[in-house]
Amino acid sequence: MPDSDSGKSSRREESSPDRGRRDFLLLIPLGIFAGVAATIATAAFRYLRPTLSSPSSQPKWSNVSPVSELKGEKPIMRSIVAEHQAGWASTMEEHFVYVLPNQNNKVLSSVCPHEGCNVAWRDDVNEFFCPCHDSYFAADGSRINGPSRRGLDPLPTREKDGVLQVQYQTFVNNTEERIARG
Amino acid sequence: MAEAEERYRYPWLHRWLSRWTTLTDIERSLIDDPESGLKAWARTTAGVVAMLLALQIVTGILLGFYYVPSTESAHTTVAYVEKVVPTGAWLRSLHHYGSQWLTLALVLHLAQMFWRASYRRRPVGWIGSVLLLLLVLAEGATGYSLPWDARAFFGTRVTEGIAGGLPLVGSWSRRWLLGGMEITPITLARFFALHTLVLPALIFMVTALRLFVFRERGLVSEAEERQLERWMHQQIARNAVVAGLVFIALSLYAARYYAPLGPAADTAAPGYLPRPGAQFLWLFQMLKYLPGRAASIVAVALPALIITGLAMLPFLNPPPLRRVMAHPRRNMGVVLFVLGFTLVTGMTIMAYVKDATDPLTRAQLSRQEAEEAAFRAAPFVPLRSRTSESVIDEETDGEETTESNNTATASPSPGASPPPEASVSPKPSTQVSATRPPAAYITHCSGCHGTRGQGASIYPRLIGVSSKPRRTVEDLINMMNDPASYGLDPLMPSFATKLSESEKREIAEWTAALKKRR
């Protein structure tokens, strides 16, 4: 824009409005601001968008117990240590699982599918039961009654060198369908 | 009024803005002198400063979404932003180089105000800009420590050394800055709080005072200001154009050059040569020419003198540049300004020249560059830690040697203190497994607190619970009956009716007998 138009000379021109030019003057800063803001906003969206899976989502197997120890009719509680990688941290966490020796060593997560308390096995009634909100599950993990909307969650297993291993995962709580997290 | 409003395309918008906001008022107050040509374009440094300042705030907030200010996590989280998070490297580079560009923009802004002699008409605007420069420099100094790589660590060392060299208050200011006698996790937390809370608050305060509190008339009268909206709109457009161009340049620069990040501070090789950010190179270079104690004093005194001199300029009232020649004895402020400008520019250039020409320095610096490049190329390594003590207990059965192996896998923490109970009872005492838990415990409690009371994830361990004050057997029974009154709801349900009185007592007695190992 020519500089002679600006400054003191513009004072005299105030009485004869030039709307097109004035609009243009307003559009320049608005356009530039929008451009800068859009650039940063696009980057910020990609930067903040939550990742659905960890970058190295190789399935991790945790040892449960030697297969030879898994005998009997009752579910056996075992604690496992699983590695969780999320963001910049990789943590080792302890979890409880139930092994069902009479069901081909099926492994159930001890996390109640209702609100996530840990279920306990009750010898007297031969059922799993959640002490938080009184959900009951059968010996195979299927739902009997109580607020839980599905049965206990089974976990993928394999046998390696005589040791039962499990791929620990968690599921979205309080849904009928089983939706894996992570 | 109707006649005046005809000048606006959207009179209702103007009416609304002037009725409900101070925006039109602020706009008018910034007019000062309706210049044209080179002076009008020179004044766009204001827009550049505003843009870069806003950019620092936005990118700073974005970095805050991942950064964790602890000595264990700081470096890993910055590396995560650099290597894993999409656009993270670019945003961090914008923040890093943006702070240096902002310093430069503020210096140019002051030079421009000096040239137009606006500091004489509007001292508050001038002093506000000087304070902004001081605060931005402080942001640069504190921000340099946050990535916690070797560069950051040695940067902190130098800052600390300078603070310690202050006359009279030296040792005091060093201790307060570090939060102790050494660079510790407390130091990082302090620098973080200064960088993200204290200094930004002060910057907001200075900006708010400048725009909303103080009103300074320029060369035009209030009546004239109303007539100058057209000029003001042109000036805003000029500012936007220049600020937009600077943004594009900075974006491309940040896309081309990474913000520096080396390996973690504790892995730095001996002989590491730290280099400050570009805005401090002049000070760094000057420290080379001054011996020990004098260096520390000068390093503080000189910037303080320059900043104070600048802030005082409106009151020293030097004549405009063209009259300086005629009155050589009255030009204190001018001399200060020119001397300071020459010194800073000269020293900065010398710092670059020295690093580029000295063969030993050159070799070490290129070694460090190669190290940084190698670190950048290496895949991201997550921070490994164990969340619950119970995991260690479970696996090692309390063996001292295995325990130390396990903690060694976590990243080393220089400031972490050993658990307090270690000094009290160094020997393994009671065997927890000696007494079997009651059957009711297994059924109702072990799901969360573990089969041996060791706890799991968010559920607390019960071992050692009776060593807390007032945790008697009766108290534990109360806790089972009414967990809510202990703040344990909603995770712990009430067992008031689920357990018989004898079962509760049995569980409480067994729990109270659980002793810590080690």
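Student: Is Cys112(A) buried or exposed?
Tutor: Cys112(A) counts as buried because its relative accessibility is 2%. Keep in mind that this is a predicted model.

Student: Which cysteine sulfur is closest to the one in Cys112(A), and how far away?
Tutor: That would be the sulfur of Cys130(A), at 3.8 Å. A disulfide needs the two sulfur atoms within 2.5 Å, so this pair is too far apart for a bond.

Student: And what about Cys130(A), buried or exposed?
Tutor: Buried, because Cys130(A) has a relative accessibility of 2%.

Student: How many disulfides are there over all chains, then?
Tutor: The count comes to one. Cys117(A) and Cys132(A) form a disulfide, with their sulfur atoms 1.9 Å apart.

Student: Where do those two sit in the chain?
Tutor: Cys117(A) lies in the loop between strand S4 (106-109) and strand S5 (120-122) of chain A, and Cys132(A) lies in the loop between strand S6 (127-129) and strand S7 (136-137). They are 15 residues apart, and the pair links distant parts of the chain. Both Cys117(A) and Cys132(A) are buried.

Student: What is the handedness of the Cys117(A) and Cys132(A) link?
Tutor: The link is left-handed, with -90 degrees about the S-S bond.

Student: Zooming out, what secondary structure does chain A have?
Tutor: Chain A has two helices and eleven strands.

Student: How much of chain A is buried?
Tutor: Of its 182 residues, 40% are buried. The accessible surface of chain A is about 9,500 Å², and carbon and sulfur atoms account for 52% of that. As for contacts in chain A with a separation of 6 or more, 43% are between residues 24 or more positions apart.

Student: Which residue in chain A has a positive phi without being glycine?
Tutor: Asn174(A) is one of these, with phi near 60 degrees. Most residues other than glycine have a negative phi. Asn174(A) is in the segment after strand S11 (163-166) of chain A, and counts as partly exposed because its relative accessible area is 26%.

Student: What about Asp32(B), what is its phi?
Tutor: Asp32(B) also has a positive phi, about 60 degrees, although it is not a glycine. Asp32(B) sits in the loop between helix H3 (23-29) and helix H4 (37-42) of chain B. At 1% relative accessibility, this aspartate is buried.

Student: Staying in chain B, how do H11(B) and H12(B) cross?
Tutor: The axes of helix H11 (residues 170-178) and helix H12 (residues 185-213) come within 7 Å and cross at roughly 85 degrees. So H11(B) is roughly perpendicular to H12(B).

Student: Which residues meet there?
Tutor: From H11(B) there are Trp176(B), Leu177(B) and Leu178(B). They meet Ile186(B), Thr187(B), Arg190(B), Phe191(B) and Leu194(B) in H12(B).

Student: What else does Thr187(B) touch?
Tutor: Leaving out residues up to four places away in sequence, Thr187(B) touches Thr156(B), Leu177(B), Leu178(B) and Glu182(B). Thr187(B) is buried, at 1% relative accessibility.

Student: Thr156(B) is in that list. Where is Ser145(B), which is in contact with Thr156(B) too?
Tutor: Ser145(B) is in the loop between helix H9 (123-143) and helix H10 (150-164) of chain B. Apart from neighbours within four places in sequence, its contacts are Ala152(B), Thr156(B), Leu188(B) and Phe191(B). Ser145(B) is buried as well, with a relative accessibility of 1%.

Student: New topic: how far does helix H5 of chain B reach?
Tutor: H5(B), residues 45-64, reaches 28 Å from its first C-alpha to its last, close to the 28 Å expected at 1.5 Å a residue. Its buried residues include Val48(B), Met51(B), Leu55(B), Gln56(B) and Thr59(B).

Student: Last one: why does Ala512(B) count as buried?
Tutor: Ala512(B) has a relative accessibility of 16%, and buried means under 20%. This alanine lies in helix H26 (residues 501-513) of chain B. Beyond its neighbours within four places in sequence, Ala512(B) is in contact with Ser466(B), Val473(B) and Leu476(B). Ala512(B) and Leu462(B) are 50 residues apart in sequence, with their C-alpha atoms 8.4 Å apart in space.

Key: Residues are numbered from 1 along each chain as its sequence is written. Chains are lettered from A and ligands numbered from 1 in the order in which they are written. This is a predicted model: local features need pLDDT of at least 70, side-chain atom pairs count only at pLDDT 80 or more; totals for chains, interfaces and linings use all residues. Side-chain values use heavy atoms; hydrogens and water are left out. Helices (H or I, at least four residues) and strands (E, at least two) are DSSP runs, numbered from the N terminus. Buried means under 20% relative accessible area, exposed over 50%, partly exposed in between (1.4 Å probe, protein chains only). Contact means heavy atoms within 4.5 Å. Accessible areas come from the Shrake-Rupley method with a 1.4 Å probe; for residues, only the protein chains shown count as cover. The expected span of a helix is 1.5 Å times one less than its number of residues. Axes are lines fitted to C-alpha atoms, for helices over the stretch in contact, and angles run from 0 to 180 degrees between N-to-C directions. Angles under 35 degrees count as roughly parallel, over 145 as roughly antiparallel, 65 to 115 as roughly perpendicular and the rest as oblique.
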